[in-house]
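Me: Hi! Could you go through this structure with me?
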Amino acid sequence: MGLRRGSTAAAAGLRRRRKKSGAGATGGAGNSISPNIVLVMSIGFIAFVAVLHVVGKLYLVPREAGRS
């Protein structure tokens with residue numbers, strides 16, 4: 001009997017633990033974001049940085065002293 005009571009308590013603990021883990025590591029239900037959104041935002045950020053580099057090379061380089 002004692003073994004059976006312990007096993008049901010362990011099973012109940014596992015059920016509780018399984019339900020809690022669905023919210024993620026942050027703990028908030030509203031903090032979840034789709035992996036597709038993360039991918040699009042990452043690619044957009046990389047493209048933005050690349051454009052800034054190109055603009056910096058084209059327009060912000062000091063001109064040579066001999067040219068007007």
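Reply: Happy to; here is a short chat about the fold, the surface and one annotated stretch of this predicted model.

Me: Great. How many helices and strands does the chain have?
Reply: There are two helices and zero strands.

Me: Which residues form a nonpolar patch on the surface?
Reply: Val 51, Val 54, Val 55, Leu 58, Tyr 59 and Leu 60 do, with about 660 Å² of accessible area together.

Me: Let's take Leu 58. Where is it found?
Reply: Leu 58 sits in helix α2, which spans residues 35–59.

Me: Why does Leu 58 count as exposed?
Reply: Because its relative accessible area is 59%, and the cut-off for exposed is over 50%.

Me: New topic: what does UniProt say about residues 37–60?
Reply: The unreviewed entry annotates them as "transmembrane region". In the model, that stretch is 96% helix and 0% strand, and its end C-alpha atoms lie 33 Å apart.

Terms used:
Residues numbered from 1 in each chain as written. Predicted model: local features only at pLDDT ≥ 70, side-chain atom pairs only at ≥ 80, totals over all residues. Heavy atoms only, no water. Patch = residues over 30% accessible without salt bridge, like charges linked within 9 Å, V, L, I, M, F, W, Y side chains within 5 Å. Areas by Shrake-Rupley, 256 points an atom, 1.4 Å probe, with all protein chains shown as cover. Salt bridge = Lys/Arg side-chain N within 4 Å of Asp/Glu carboxyl O. Helix = DSSP H or I, 4+ residues; strand = E, 2+ residues; numbered from the N terminus. Buried < 20%, exposed > 50% of the residue type's maximum accessible area, 1.4 Å probe, protein only. UniProt positions renumbered as here; feature names shortened; annotations may be inferred.
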